[in-house]
Amino acid sequence: MHSILAITPFGAAMQRAWRGLSAAVIIISSILPLCTASHAQIAGVRKNMGENVNTQWDDINPIISADGRTLYFARKNYPLNIHANDKDIFGRKITNNKTLEIWYSQLQKDSTWSFAQNLRELNPQPSNGVCTILPDNNTALYLWAYDEQGNATYGLIHRTANGWTKPVPLHIKNFHYIANTTISGSLASDGKTLMLAYKTPGCQAFNNTGVLDYADMNIIGMNIYVSFLEDETTNTWSEPKNLGNSINTQYSEFEPLLAPDGVTLFFSSARPGGIGDVDIYMAQRLDSTWTNWTQPVNLGEGFNIPGYNAINSITASGDYAYTTGMVENPTKNMDIFRVKMPERFHIKPVVLVKGRVFARLQTPKQQTAEATSAKTIGKSKKNAATAPDPAEPILPDTTKPLDAEIIYERLSDGKQMGIAHTNPRTGEYEIALPCGTNYGFRAEREGYLPVNENLDLSAITQYQELNRDIILTPYAAGNDIVLHNLFFDQDKADIRAESYPELSRFAGFMKQHATATVEIDGHTDDVGTDDYNNALSLRRAEAVVKYLAGVGVNAKRMKAKGFGKSQPVASNDTDEGKQKNRRVVMKLISK
C-alpha cells in the first residue's frame, strides 16, 4: 500500500484544520509495508518528520510506500497547492484556498527525506482523498467518488499507462449510515477486505465522560465493520459486518487499520481510561468470524497524547507507525510524526514479495516453429510431440514489461487470499503475504499462458523481502509453461492435495480454450537410473492427464510423455538445480 490520505476531523485542532470543507467528511486510514529510514529512534516516542515534510500549514495523513522510500501525505489549504487559486470564467476565486492535495517525499541515501513535491496526477480537483494505495502501488481506494445521488463515497482507481483512471464507486450492500456524518475506512493489503467505521440511523452512545450523547455530526456513536469483495467486475462488496463487542463499545470506535498480517487491528476509541479524548488501541483477530478478538490494548504514552490520536499507517515489518499531531506553536498546525513500534506491539510477520512481470517476445525461431506446428497438427503424433533438436541454435529471448494481474492463494484449500496489478509501464508489482502458509501466486494476462509460482512461507518466522520476476509466454502453438504448484509424494506419481488448485485452473484453461491440444511432459533430476526416471516421469505426466480427464477435459486433447533426466534446465550438482529439473510442463500443441 503505497499512498494514502486520511481525512480526520476529530478533536478541536482537527476540526479547525478541516473547517470549511463543503462535502461530507470521511476519515481514512491505511497500512503499508516496510520503512527503511535508519535514523536512531527510541521505541514508543514520536519523532517529527522535519521541515522537508512538514510546514506551518496542516500536514496530515502520512502513508509509507511498500519499499519504505516514499512518504505520501496531505496538505490542507497550503498556498502552493495547485488548486489554491482556481478561478471561474469571470476571474473570481473558486476555492478561496480551501484545498486538500496529496504530496510526497522520498527517502535519500543519507536517510533524510527529500523536499516534498505535489503529486499532481492524483490532485484533479480542489478536494482529493486517496485512502489507501495497495502494496502493488497501482490500485487505490479514493474518497471523492460520487454515487448516483451525488454523495461523496469510496471508489477504486487504477494506474494505467496514461495515468490514473477515474474513481469507480464501490457498491457496498446495505451500507446505511447517517447522511452528512463522518465515516472512516481503509482497504487492507489483500485488496479484498474493506474496513469501515460509521454510525447507523437511530444510534446513541456515551462519550468518555459517561454522558449520554445522541449521534449527530460528531464521532459519537461510530462502530467498526468489515466488508469483503464479492465481484471484482461489478465492484460489489458484501454487507458490512459489525466486529462485535470485543472491539465496539457504547462509546465510539473508528479509524480502523488492518495490518498486512490480516489479523492485527489498530483503531481509535473514545472509551474511558485513555490518555487523550481519543486513544489508539490494538487487538488481534482469533478466527474467521471477524467477531472474536483479543482484548484491545491501549498503546500508551508516545502513541497517545492529550486530545485526538490515530495511527495513519504502519510498515509491513511492524517497525514504525506514522501519525499526525498538533504542534505546540502559535499556529497550532498539524505535523507528521513517526513512532518506532515497541516489540510488544509488533504485528505478525509477513513477507514482502516484489518483482516484475515480463512478456516473452517471440524470436524468429519461435515464429517459424508456430507456423510449422500448425501444418503438422493432424499428422503423426510422433512428429507433433517431438522435442526441439538440442543441436539447433537457440536465439536469445527478448522481453517487455507487461500489464498483468497478480493473484495469490492458499494452497491448502485453494482460497484466494488477494489480488494485485502490475505497473503498466514497468511491469513492477509487490504483494505482502502473511507468514505461516504455503502460497501459490500467478500472473495472468489475456493472450498469454498463465504462469504460477510457489512460495512456501510455512516455516518463516520473521519479516523478509523476496524478489520474484515472472515471464509470461504468448498463447501460441509450441510454447510451454512449467506447472510450479504441482506436487507429488517422494518417488511416486501420487498427486498431493495442495496440487488441486493448480490442476483446477489448468482444467479451466482447457475448457476455456476448447480446441486446444496439449502435451504433458514429465521430467526428473539425475538421481536413479534412466529406466527408473523415464518410467517415473511418464507416470506423473499420465497422472495429470487422468486427473484432468476426470474433471471433464477430453483425454484425446492431451498426450503424456516422460523424458526422465534427459532434458535438465539447471545443473544437478545442487539441490536447487535438482528441484528445478523435477517438473511437469504443459506444452501447447495446437490452439
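## Antiparallel sheet E30-E29-E32-E34

Four strands make an open sheet in the order E30-E29-E32-E34, with antiparallel pairing. Helices (H or I, at least four residues) and strands (E, at least two) are DSSP runs numbered from the N terminus, and two strands pair if DSSP finds at least two bridges between them. Strand E30 (416–421) and strand E34 (451–456) are the edges; each has a single partner strand, so one side of each lacks a neighbour in the sheet. On average, neighbouring strands of this sheet are turned by 20° against each other, direction ignored. Axes here are lines fitted to C-alpha atoms, for helices over the stretch in contact, and angles run from 0 to 180 degrees between N-to-C directions.

Strand E29 (residues 405–410) runs antiparallel to E30 and is joined to E30 by five bridges. Tyr408 has Gly418 in E30 as its bridge partner.

## Basis of the model

The structure is a predicted model, in which local features need pLDDT of at least 70 and side-chain atom pairs count only at pLDDT 80 or more, while totals for chains, interfaces and linings use all residues. Residues are numbered from 1 along each chain as its sequence is written, and side-chain values use heavy atoms, with hydrogens and water left out.

The secondary structure of the chain comes to six helices and 40 strands. Of the 591 residues in the chain, 54% are buried; buried means under 20% relative accessible area, exposed over 50%, and partly exposed in between (1.4 Å probe, protein chains only). Among contacts (heavy atoms within 4.5 Å) in the chain between residues at least 6 apart in sequence, 64% join residues at least 24 apart.

Strand E38 (residues 517–523) pairs with E39 in the parallel sense over five bridges, and Ile520 has Ala560 in E39 as its bridge partner.

For H4, the 13 residues should span 18 Å at 1.5 Å a residue, and the end C-alpha atoms are 18 Å apart, which agrees; the expected span is 1.5 Å times one less than the number of residues. The buried residues of H4 include Leu503, Phe506, Ala507 and Met510. An α-helix has 3.6 residues a turn, so residues three or four places apart point the same way.

## Aromatic pairs and charges over rings

A search of the whole structure finds 13 aromatic pairs. Rings of Phe, Tyr and Trp (its six-membered ring) pair if their centres lie within 6.5 Å; planes under 30 degrees apart count as stacked, over 60 as edge-to-face and the rest as tilted. Phe228 and Trp290 form an edge-to-face pair, 5.5 Å centre to centre with 65° between the planes. This pair links distant parts of the chain, 62 residues apart: Phe228 is in strand E17 (residues 223–231), and Trp290 is in the loop between strand E22 (279–284) and strand E23 (297–298). Trp290 also pairs edge-to-face with Trp293, the ring centres being 6.2 Å apart and the planes at 65°.

Phe228 is partly exposed, with a relative accessible area of 27%, whereas Trp290 is buried at 9% and Trp293 is buried at 4%. The charged end of Arg285 sits over the ring of Trp290, 4.1 Å from its centre. A charge sits over a ring if NZ of Lys or CZ of Arg is within 6 Å of the ring centre and within 35 degrees of the ring normal. Arg46 lies over the face of Phe337, at 6.0 Å from the ring centre. Elsewhere, Trp57, Tyr78 and Trp103 form one aromatic cluster.

## Hairpin E24-E25

Strand E24 (residues 311–314) and strand E25 (residues 320–326) pair in the antiparallel sense over three bridges, with Ser313 opposite Tyr322. The two strands form a hairpin with five residues between them, and Gly318 in the turn has a positive phi of about 80°.

## Surroundings of Leu196

Leu196 lies in strand E14 (residues 193–198) and is buried, with a relative accessible area of 1%. Leaving out residues up to four places away in sequence, Leu196 touches residues including Tyr154, Ile172, Phe175, Ser184 and Pro256. Ser184 is 12 residues from Leu196 along the chain, and their C-alpha atoms are separated by 5.7 Å.
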